[in-house]
Each structure stands twice: as C-alpha cells, then as structure tokens.
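Please keep the model open beside this note while you read the points below.

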Amino acid sequence: MDVPVGELLRPASVEEALALLAARPGACPLAGGTDLVVQMRDGRRRAETLLDLGALGMDGIREVEGCLEVGAATTMEAIAADARVVAAFPALAAAAGQVGAWPIQCRATLGGNLANASPAADTAPALLVADADLLLASAGGRRRVAVDRFFRGPGRTALAPDELLLAARLPLPQGGAAARTIERFVKVGPRREQVIAVVSLAGRAVLDGDGGIAELRLALGSVAPTPVRARHAEAALAGRRPDAAARRAAAAALQLDIAPIDDVRAPARYRRIAAAVLLDRFLREVAGG
C-alpha cells in the first residue's frame with residue numbers, strides 16, 4: 001500500500017513520544033492505522049511525520065481506583081473478549097465486536113476509534129453510557145476529560161496537538177445494582193457485517209425493586225455532529241416504568257437530542273425513525289427485565 005509520509009518515528013516510551021509531539025506538534029500518532037492509513041492513501045489526510053505508538057505499552061485492561069482502565073492501544077478484539085468488560089460493560093464489548101471485520105478488530109484500537117472523532121464511532125456511545133473519563137497526556141502533564149466533553153465535531157476532539165490519549169477509565173458498578181442492570185449496544189446499517197452505523201444506540205438501565213427505572217443512560221451515534229447522550233429521553237423516563245406511554249414520551253423527547261443529516265448512507269428522516277425504533281426495542285427489553 002503506497003502511503004505518502006515524510007518520516008516515521010518510533011519512540012521507545014510514552015515520555016519520548018510526548019517530547020516528540022511537543023517538538024513537532026504536527027506529528028500524527030499511529031496505532032492500528034485502520035482509519036489513518038486509509039485516509040492518507042486516499043488523500044483525505046496528510047502527515048509529514050508519523051509517530052508509531054506500537055512499542056509504548058499503551059494497551060491492556062486493568063482495575064484502577066474503582067475503574068476498569070482500558071489502554072488506548074488495546075485492540076477491539078481484546079476488548080470484546082475480555083471477561084471483565086463483558087461482565088461490567090457489555091455494551092462496550094458488543095461495540096468492539098462490531099467494528100469492521102475480525103481482521104480489522106485485531107488491529108483497530110480504542111484510542112484510534114475515539115481520536116478519529118467520527119460521529120459513527122462504535123465505541124463512543126458505549127463509553128458515554130459507562131460515564132467514562134479519558135486520560136490525556138502531554139509533556140506538560142496529564143489531565144482527565146469526561147468522554148461527553150471529548151468530541152467537538154466531526155474529526156475534532158479536545159486533544160491538543162501535543163497530547164496523546166492514554167486510556168479510558170470506566171467506573172465499575174457498585175453494590176448490588178449490577179444484578180438489576182440491563183445494558184445493550186446495537187446499530188443499524190445497509191448490511192449485517194462490516195457496517196458503518198447509520199444509527200447506533202447504547203443503553204444502560206438500572207431497575208428498582210418494582211421494575212421502575214432508577215437510573216438510565218442513553219447514547220447514540222451517527223445522528224449528530226458528535227456521538228451524543230440522549231438526556232431529554234433519559235429525563236422523560238426518570239423514575240417511570242417503561243410502559244407504552246413512557247416509551248412514546250421517550251421517543252418524542254429523543255428527537256430533541258439528535259440532529260441527523262442527509263448523506264450518502266441515509267436521509268435524516270430515516271435516522272430519526274431508526275433511532276426511535278432502537279430506543280423502543282431497548283426499552284421493551286428493559287420492561288421485560
């Protein structure tokens with residue numbers, strides 16, 4: 001594959017990588033390359049300098065301070081197969097398992113999926129319902145950014161030119177609430193496999209003893225300039241059983257949360273209808289849970 005690039009640098013540590021980014025703010029980090037290399041090959045992205053992150057040990061999944069920390073270089077295959085992710089954050093496991101085909105999942109990384117800042121990024125809705133924080137670093141220090149403040153628009157994030165995304169931290173469920181939690185990720189597209197989402201939805205509902213919704217988080221992709229939390233729909237369901245009336249109220253409120261566009265993959269009207277259908281299906285499952 002002929003990809004034009006002036007220079008390829010291979011730092012041996014995160015600190016060296018951050019120093020290089022500080023000295024060359026235009027340098028472009030390279031992890032799995034499943035998006036970046038294609039964009040460069042097609043002329044949609046230019047990078048005079050690539051910074052290969054492959055040897056920095058930025059992968060892996062571990063428990064840290066009551067959170068599950070997923071390194072930015074962790075592959076989709078590793079995320080989808082990790083028993084701790086599957087148990088605590090099934091929406092993230094499902095989303096990772098639907099990124100492209102299996103060969104793509106073996107190379108594509110969590111950090112790349114997020115830093116690419118596509119409105120259709122599969123892992124973004126799952127991280128939004130997990131209330132995750134992202135760990136960012138530069139030569140000047142480190143900071144945490146809530147995932148719902150990370151995306152700024154298509155292709156734009158809160159990352160400064162000299163920063164790297166190191167990891168995502170997902171707060172682990174506490175107490176007995178996890179036993180009453182229903183969490184799902186689903187997306188629709190023009191075919192069953194290797195789909196760029198026309199609409200995606202992640203939902204996480206915690207039920208009280210009477211079957212009412214004690215806690216609810218909803219997030220969608222491909223329906224706005226960034227992945228979004230559906231806060232109006234969440235508010236419409238707060239404290240309610242997800243019966244038919246509540247589902248109708250949530251579907252109406254959802255339209256305030258999204259701002260889809262017409263593009264080559266689907267018209268905005270279809271996206272609005274599909275988003276409401278995905279929400280209704282999730283809530284029906286919650287009602288049966």
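1. Which residue takes a positive phi in the hairpin of E12 and E13? In that hairpin, which has five residues between the strands, Gly 211 takes a positive phi near 85°. Strands, marked E, are DSSP runs of at least two residues, numbered from the N terminus.

2. This is a predicted model, in which local features need pLDDT of at least 70 and side-chain atom pairs count only at pLDDT 80 or more, while totals for chains, interfaces and linings use all residues. Residues are numbered from 1 along each chain as its sequence is written, and side-chain values use heavy atoms, with hydrogens and water left out.

3. Strand E12, residues 199–207, pairs with E11, residues 181–188, in the antiparallel sense over eight bridges, where two strands count as paired if DSSP finds at least two bridges between them. Ile 182 stands opposite Ala 205 in E12. Strand E13, residues 213–221, also runs antiparallel to E12 and is joined to it by eight bridges, and Leu 220 in E13 is the bridge partner of Leu 201.

4. Nine of the nine residues of E12 are buried, that is, under 20% relative accessible area with a 1.4 Å probe and protein chains only. Both faces of the strand are covered, with Val 199 among the buried residues on one side and Arg 204 among those on the other.

5. The structure holds one aromatic pair. The rings of Phe 150 and Phe 151 have centres 5.3 Å apart and planes at 80°, so the pair is edge-to-face; rings pair if their centres lie within 6.5 Å, and planes over 60 degrees apart count as edge-to-face. Phe 150 counts as buried because its relative accessibility is 0%, and Phe 151 counts as buried at 9%.

Key. Phe/Tyr/Trp six-rings, centres within 6.5 Å; stacked < 30°, edge-to-face > 60°. Buried < 20%, exposed > 50% of the residue type's maximum accessible area, 1.4 Å probe, protein only. Helix = DSSP H or I, 4+ residues; strand = E, 2+ residues; numbered from the N terminus.
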